[in-house]
Structures are given as structure tokens and as C-alpha cells.
Amino acid sequence: MERPASVVKELLENSLDAGASEFRLEVEAGGRRLIRLADNGSGMMRDDALLAFERHATSKLSDVKDLLSIATLGFRGEALPSIASVSRLLLETRSPEERVGTAVEIAGGKILRCDEAALAAGTTITVRDLFFNVPARKKFLRSDQTEIAHIASLVTHYSLAHPSKSFLLRHNNAELLAVTPVPSLRERVFQVFGSQMLEDLVDLGDQARDLKLPLDEGEFIERRFRLRGFVSGPQVQKLNRNSIYLFVNGRLIRDRLLLHAISSAYHNLIPPACYPFALLFLDCDLEEVDVNVHPSKTEVRFRHGSLVHDFVRDTIRQTLMQQRPASNMTIPSSPQLGAAMPYSEFSQGIENMSFSAAPPDIVDASALPEFALRSPAAPAPRFDFSDEPAAAAVKTTIPETHGPLLTAAYVPEPESLEALKDLRPLGQIHDSFIVAAGRDGLWIIDQHVAHERILFEQVLAARSAGKVETQRLLVPLVIELSAAQQIEYARIADELNALGFETEPFGNRTVAIRSAPAGVGAGDIEKVLFEILEITESELRSASLDDLRRAMAASIACRAAIKINMRLEPAKIDWLLRSLAATSCPMSCPHGRPIALRYSTRDILKSFHRI
Ligand code: ADP
Ligand code: MG
């Protein structure tokens with residue numbers, strides 16, 4: 001037992017093993033004063049109740065250190081005795097088959113009493129004064145706040161894995177988590193994280209794939225892998241991995257391989273230093289996963305790791321591309337307190353994993369001119385939907401939305417970026433953001449990042465087709481490189497040429513640019529090149545060629561894209577929206593910034609207190 005959360009974990013698992021469907025957990029002072037778990041499981045007969053502590057009721061009891069090491073090594077059948085050896089424990093239990101129950105009291109491993117007691121069926125275990133007889137352990141406990149955060153995160157995890165069971169967590173009489181049984185994971189997510197979060201999530205459904213796995217001597221075997229759960233759209237950008245919940249065959253785990261697979265799924269969708277929300281349940285043949293790698297069984301090793309990695313990455317990525325989740329312009333709702341606890345036992349170990357931090361660059365709002373919403377000069381007939389049958393639908397949207405939303409707790413499917421296809425542009429704000437009316441509310445599109453996404457995909461497509469458009473410079477541009485840049489340049493010169501830069505070394509540490517990718521303004525060519533050299537130098541030194549290519553394409557796209565503070569003709573706006581709709585990923589720009597924000601009809605109605 002390392003800390004109060006480890007005790008809670010063992011107690012919860014015992015209750016689950018006992019078939020309980022109700023878990024009521026009370027904690028005081030971060031768990032050091034009190035941890036009490038009451039369940040409605042199978043309970044124990046009198047003899048079993050004593051037996052549960054037997055193994056250590058003998059010689060080893062005095063040697064607390066021994067007990068701790070056994071417990072942390074995760075030997076089965078040692079949890080209760082070791083908890084009892086470092087606390088004052090009261091076990092109250094009654095099997096439904098028996099009329100009376102049993103109460104066993106133990107302090108520091110010594111059985112103080114074992115009596116008959118009138119009890120409800122099930123088991124309640126009360127652990128007081130944890131580590132009272134192990135001062136060295138006690139000293140290592142962190143603040144109450146930290147300890148309860150561990151516990152809350154743990155209980156939240158279990159509640160997500162078991163939607164059909166009820167969980168209650170109270171700390172110093174404050175309720176941190178309270179969920180009742182629900183029929184689906186979706187509803188549990190709603191209970192735990194709130195409706196707003198749910199709207200930002202994409203349901204992976206239940207995706208199974210039969211992977212062909214290599215065995216020895218060139219033989220193969222087919223095994224089924226299933227992935228279900230929820231992941232966030234690119235608009236959700238967390239600064240750490242605490243919102244990633246992973247279960248393999250129903251067990252809570254943390255695993256670098258899976259974390260990496262998730263991060264790769266979001267490559268070029270969210271900024272490199274950000275993480276999504278993910279609640280993933282991966283199920284596979286027990287032979288494919290070794291759970292005994294880590295003593296606390298929270299780490300696993302897959303037999304065919306890279307295939308599992310790619311399955312998870314591709315499933316998430318494809319689902320995101322298909323569902324095209326939109327970003328909402330709404331006030332964040334608060335999840336249950338327990339779910340918002342910032343610190344998790346299961347993320348702690350990987351907090352230190354390195355990642356490159358690049359703060360997202362953000363438009364400085366104060367630098368923008370005064371607010372002015374204006375229509376495009378002459379509204380072209382192409383924006384007129386009146387002769388289309390769809391026009392009627394637009395008019396009836398509000399009354400329709402009005403009705404069903406009144407039913408309590410009903411959460412409609414968020415409308416995806418499919419809606420981009422038939423937006424009706426209304427104008428620009430600050431010559432920078434396109435405002436458009438959709439069938440589902442109001443949309444604002446950042447013209448720069450929208451164009452960036454379009455160009456990014458165009459550049460990559462042209463690159464792989466070998467048909468990159470270039471512009472020949474009238475006079476070659478000669479630039480000087482530092483020693484480090486010179487090395488990078490030599491490494492990526494071929495790829496630069498393939499992307500439309502015609503360059504050649506021109507004396508010592510000097511490069512001549514003869515052509516550049518089409519669309520990049522003359523003044524920007526040098527900047528793009530230096531930007532690319534910078535990327536390769538820093539984060540991508542060890543990256544794959546594919547990642548490098550994408551990063552280069554992103555840089556070119558960014559420089560070639562329409563800027564903000566630029567007045568656009570209606571035809572150009574129209575073209576931009578339609579081209580964006582046609583991209584494979586209109587959710588975010590290659591650097592991970594959102595492209596379009598939606599103020600949904602429902603949220604509008606809500607804000608006006610109409611629903
Ligand atoms: P293990 O779970 O590995 O068997 P533990 O020390 O955690 O070992 O528990 C010892 C035994 O006590 C369990 O095998 C089980 O029979 C019994 N037990 C513990 N908690 C409960 C509970 N909540 N309900 C019913 N039986 C329990
Ligand atoms: Mg156990």
C-alpha cells in the first residue's frame with residue numbers, strides 16, 4: 001500500500017469481484033483519517049471474514065515492511081491483510097444467505113474482536129488512521145488535496161468502466177462524484193463530464209478489426225481487436241494527459257504505446273504540446289497482452305505492439321475525419337468535481353515523458369480594429385437559397401429545435417462540419433473572420449486558417465502526385481545559412497525540391513533559390529525556408545519523412561494563405577467555404593488551431609432563455 005488511493009483501488013476491486021452494483025465511498029482528510037467503502041455485493045460468511053485476514057494473522061504481522069513489499073508487488077490475496085496491518089480496520093459484512101452478519105475489528109494487524117452484528121447484506125470496510133504505525137510511510141503522503149485527487153480520479157475511472165453500477169464519493173462530507181446506473185457509456189460520460197463535454201466528443205462506436213498477426217516461422221494468426229469509447233474533437237486541447245482514460249480488457253491501465261497512438265491520431269489536428277480527451281476501451285485476446293509488466297498492473301505489454309498502435313491511431317483518425325466535429329462557441333460546463341480533479345495516479349508516471357512545447361500563436365484581439373460587421377459589397381445571387389427546397393427547412397429549424405430539447409437531459413447529436421457545405425456567408429468581422437448562417441446556427445470562420453488547411457492538403461496531394469506548382473523567380477534569391485542550418489539544408493534539400501523549391505548550394509553556407517512553391521509571396525519565400533529549417537532542426541530531428549513533409553507543407557501553406565485583415569470579395573468567401581468543406585479535415589489548421597466556430601441554434605435559444 002503506497003497511499004490512500006492504493007487502498008481504495010484494492011477495496012473497489014474486491015467489491016467488484018463480489019458482484020456489487022453499488023459503491024459508496026466516504027473519505028476524510030485525503031484518506032489518512034478515514035476511508036470507508038460500502039458495497040451491496042455477496043458479503044462474507046463469518047469464517048471467510050476471518051480468513052480474509054488469516055494469511056498475515058501469524059508471524060509476519062510485526063514486520064510491516066515485508067507486508068508492504070508483498071502488497072506492492074501485487075500478490076493476490078494479500079490486499080486486505082496488508083491494509084489491516086497498517087491501519088485500524090473494521091470489516092462489517094453479511095452474506096444474503098445469512099441472517100446475521102459479522103464485524104471484525106483489527107488494529108495494526110491484530111484482531112481485536114469478531115462479533116455477530118445486525119447488518120444489511122453486503123460489505124462495509126472502514127479504514128481509519130492509515131499508516132498510524134508506519135511513520136515513515138505517513139511522512140511520504142502528500143497534502144489532503146493531492147491524495148483525494150488521486151482517489152477521485154481513480155473512482156472516476158472505475159465509474160466510466162462500469163456504467164451500469166452506481167458510485168458515490170464523498171470527501172469531508174462534500175460530494176465529489178455521484179452517478180446512478182445508466183444503460184450506456186454515453187450516458188455515463190454525460191453524468192461524469194457534463195453535456196458540454198459530451199458535445200465535444202466523437203463516439204467511436206464499437207469498431208472491431210481482425211488483425212493478421214505474425215507468429216514464428218512465417219505463420220500468421222488472425223485475432224480480433226475491438227475499440228470503443230469517445231475521443232474529443234480537435235477543439236479540445238488539454239495541456240496534460242490527465243483526460244486520457246485507457247482500459248484494456250476492462251482493466252484500467254496506462255500505456256505509452258497507446259498514448260503515442262492517440263497523439264499520432266491528432267497529428268496536425270491539435271498543437272504538438274496538447275492532448276485530447278480520450279476514453280478508450282480496447283478489448284483483445286488475453287494472449288495478446290501481458291498485464292504483469294508492472295507491479296500494480298497498470299502497465300501492459302502488447303505482443304504485437306505496433307499493429308495495435310496503428311489500429312488505435314487509424315481508428316481514431318478515420319472516425320474524426322468522418323464525423324468532422326465542429327467547435328462550439330459556448331460557455332464550458334462544469335463536470336463532476338471528482339472528474340475535474342487535476343492529478344491522477346495513472347498519469348503521474350508519464351507526466352515526465354518529453355514532448356516539444358510550442359505555444360499556439362494567437363491573434364492579439366486588442367490589435368484588431370473596432371468591431372464592424374458588414375455585408376459583402378453586392379450580395380451575389382449564388383447566396384440566395386430562396387429557390388431551393390432547403391429554404392423551407394431553414395425557416396422551420398427553430399421551431400423544430402424548440403420542441404424535443406425541452407425533455408430533460410436530452411443531448412442532441414452535435415452537427416458536424418458537414419454543415420460547411422451549405423453555409424450562407426453574411427460578411428466579415430474585422431476583415432478577418434467570415435460570418436455565415438447555417439442550418440444549425442451561426443458560424444464564424446477564421447479566413448487565414450481555413451485557407452491554410454485548404455492549401456496544406458493541396459500541397460500534400462500535389463507532392464504525392466509529383467505535380468507541385470512552382471513559380472520561377474526573376475532573380476534568384478540568395479540566402480545565408482548558419483552552420484546548423486547548412487546541415488539541415490543538406491539533409492532536406494531533396495524534399496524541398498519535391499515541394500517546389502528549386503534550390504542549390506551557392507558557395508560556402510549560401511543557397512540560391514530559383515523557384516518557390518506557387519502562392520508564396522516574394523517577401524515570404526525566405527521566411528518559409530528558414531521556418532522549415534527551424535522545424536527540422538528542433539522537433540523533427542527524429543521524425544519520419546512523412547512528418548517532416550507534413551510540417552514543411554504546413555509552413556508553405558501558412559505563408560501562402562490569405563492573411564487576416566484582408567477584405568474578401570463575396571465570390572472569394574464562397575470559394576473559401578466550399579473548398580474548406582471539401583478538405584478531409586476542416587476541423588483544424590495544420591498547427592492545430594480551430595478553423596470554424598459554431599454557435600448552434602440550440603445554444604442561441606439557450607442563451608436567450610428560450611429553452
Ligand atoms: P483477493 O482479492 O486477491 O482475493 P484480498 O486480500 O483483496 O485478496 O481479499 C481477500 C478476500 O476477502 C477475497 O478473496 C474475498 O473473498 C474477501 N473479500 C474482500 N472484500 C470483499 C467484499 N467487498 N465482498 C466480499 N468479499 C470480500
Ligand atoms: Mg483483492
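Hi everyone, let's start with a pair of residues: in strand β23, A512 is the bridge partner of E504. Strands here, like helices, are DSSP runs numbered from the N terminus, with at least two residues (E) for a strand and at least four (H or I) for a helix.

Before going on, some housekeeping. This is a predicted model, where local features need pLDDT of at least 70, side-chain atom pairs count only at pLDDT 80 or more, and totals for chains, interfaces and linings use all residues. Residues are numbered from 1 along each chain as its sequence is written, chains are lettered from A and ligands numbered from 1 in the order in which they are written, and side-chain values use heavy atoms, leaving out hydrogens and water.

Back to β23, residues 510-517, which pairs with β22 in the antiparallel sense over four bridges; two strands count as paired if DSSP finds at least two bridges between them. These strands sit in an open, antiparallel sheet of three, ordered β21-β23-β22. Its edge strands, β21 (470-480) and β22 (502-505), each pair on one side only. From one strand to the next, the twist averages 15°.

α14 lies across β21, β22 and β23, and runs at about 145° to β22. Axes are lines fitted to C-alpha atoms, for helices over the stretch in contact, and angles run from 0 to 180 degrees between N-to-C directions.

What does α14 pack with? Helix α14 (483-498) packs with α16 (545-560) at an angle of about 60°, the axes being 11 Å apart. The two are therefore oblique to each other, the class left over once under 35 degrees is called roughly parallel, over 145 roughly antiparallel and 65 to 115 roughly perpendicular. On α14, the contact uses I492, E495 and L496, and on α16 it uses L545, L548, R549 and M552; contact means heavy atoms within 4.5 Å.

Finally, over to strand β1, residues 22-28.

β1 has two neighbours to show you. With β7 (166-171) it runs parallel, joined by six bridges, and R24 is partnered by L168 there. With β2 (34-39) the pairing is antiparallel, again over six bridges, and E28 stands opposite L34. In that hairpin, five residues separate the strands, and A29 takes a positive phi near 50°. Thanks, everyone!
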